Amino acid sequence: MKILIVGSGGREHAIAWSVAKSPKVEKIYCAPGNAGIEEYAECVKIGAMEFDKLADFAQEKGIDLTIIGMDDPLVGGVVDVFEARGLKVFGPRKNAAILEGSKAFSKDLMKKYNIPTAAYENFDDAQKALEYLRTQAKFPIVLKADGLALGKGVLICETLADAEAGVKEIMEDKKFGSAGNTMVIEEFMTGREVSVLSFVDGKTIKPMTSAQDHKRAGDGDTGLNTGGMGTFSPSPFYTEEVDAFCKKYIYQATVDAMAAEGRPFTGIIFFGLMLTPEGPKVLEYNARFGDPEAQVVLPRMKNDIIEVMEACVEGKLEDVDLQFEDNAAVCVVLASDGYPVKYEKGIPMYGFENFKDKEGYYCFHAGTAKKDGQFVTNGGRVLGITAKGNDLKEARKNAYAATEWITFANKYMRHDIGKAIDEA
């Protein structure tokens, strides 16, 4: 098979690595890709939002399956463009990707179908939002930009003054662009966060192993929200009891709700969960693999990813026995110092040869480029260093050891990824 992957980050590198293991695959392309993905795929200079150019390329090269890695093209309707041309593509159509594209839509869906989530109100008028905050809100409270905001459009506000500043930032100053035209005000939930990715074929859902991301830039969950500074899998807090509850009241219920709304979902649903004292509740949905969750979940998956994705597209997921290794993985993100605000690019990096033929160690490229044959930094999140171990403690020790194998001048990372496992 010939495969095209759309995207350019660490998630797409993990997908490319996974696809390259499939005996069914003879050639991989990635648009636009990055310097690390070139190890497995031929990178083509087509942007993820250039739908017609992507579809032209898929037709011209006789691509057998296109895998959409990123949220923006999915929400924008790239799958519909491919399907209209009779091209096989993995990912939700535009009318289903709204599950991630609009937080107001997803909250209303959960309310309508009794899927457990935090209490909320939607606002498209800043003055009405302020009035609600001043008269009815309990603090702390959460403000969310409705649309896509690179994982950064969520503000946790401790006081009314914080919340007023947040409304200004999201709805008036438009810090997240049109994503802030509508805003969700949500009750603040407490508990452990867990991420569960799942394969979906429109009617059947098969959850993958659990993971937990670390969003804040600094140790001890301090600093600004980022795209994710590291993750571990599985979560020790995601027990069999939690799994049984989620399968019954959240996972299948979401798939059935989307089908009932005439928006059947095919692809990946990412469930961001909060394990509250009242039970698991949905924090958010994403319509694709998480980044960096993909970097710990895919290395533990036993199945051929192409077989699973084909089963999703063909509506035959119920025939798949989805299996994961009985071990653990930890990913530590190496970032450019100053991320997510301001940082330098183009800094040379060394040490990639240390990962060669090292079983259970992976170096996934996120923001990298090649200059005169040398890898250089080309983004805020630069690399995802992933390692497996028999358990979480061993995986964490291995991942942090492997972060020392790569050097570059403004290398920055958190030193407490997976620290929660000590409390489990």
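Q: In what sense do strand β4 and β5 pair, and over how many bridges?

A: Strands of a sheet pair through backbone hydrogen bonds, either parallel or antiparallel. Here β4 (residues 65-68) and β5 pair in the parallel sense, over 2 bridges. Two strands count as paired if DSSP finds at least two bridges between them. Strands (E, at least two residues) and helices (H or I, at least four) are DSSP runs, numbered from the N terminus. As for an individual bridge, T66 has V89 in β5 as its partner.

A: A word on the source: this is a predicted model, in which local features need pLDDT of at least 70 and side-chain atom pairs count only at pLDDT 80 or more, while totals for chains, interfaces and linings use all residues. Residues are numbered from 1 along each chain as its sequence is written, and side-chain values use heavy atoms, with hydrogens and water left out.

Q: What is the strand order of the open sheet of 5 strands?

A: The order is β3-β2-β1-β4-β5, with parallel pairing. At its edges are β3 (42-43) and β5 (89-90), each of which pairs on one side only.

Q: Which strands does helix α1 lie across?

A: Helix α1 (residues 10-20) lies across β1 (2-7), β2 (27-32) and β4, and runs at about 170° to β1. Such angles run from 0 to 180 degrees between N-to-C directions, with axes fitted to C-alpha atoms, for helices over the stretch in contact. Helix α2 (residues 51-61) also packs on the sheet: it touches β1, β2 and β4, and its direction makes about 165° with that of β1. Contact here means heavy atoms within 4.5 Å.

Q: What is the order of the sheet of 4 strands?

A: This open sheet has the order β6-β9-β7-β8, and its pairing is antiparallel. The edge strands β6 (120-123) and β8 (154-157) have a single partner each, so one side of each is left without a neighbour in the sheet. On average, neighbouring strands of this sheet are turned by 20° against each other, direction ignored. Strands β7 (residues 141-145) and β9 (residues 183-187) are joined by 5 bridges; I141, for instance, has E187 in β9 as its bridge partner.

Q: At what angle do helices α7 and α8 pack?

A: Helix α7 (residues 126-135) and helix α8 (residues 160-172) pack at about 165°, with their axes 10 Å apart. Residues of α7 including L130 and L133 meet residues of α8 including V167 and M171.

Q: Where is Y412 found, and what does it touch?

A: Y412 is found in strand β24 (residues 411-412). At 24% relative accessibility, Y412 counts as partly exposed. Leaving aside residues up to four places away in sequence, its contacts include M229, V333 and L334.

Technical notes
Buried means under 20% relative accessible area, exposed over 50%, partly exposed in between (1.4 Å probe, protein chains only).
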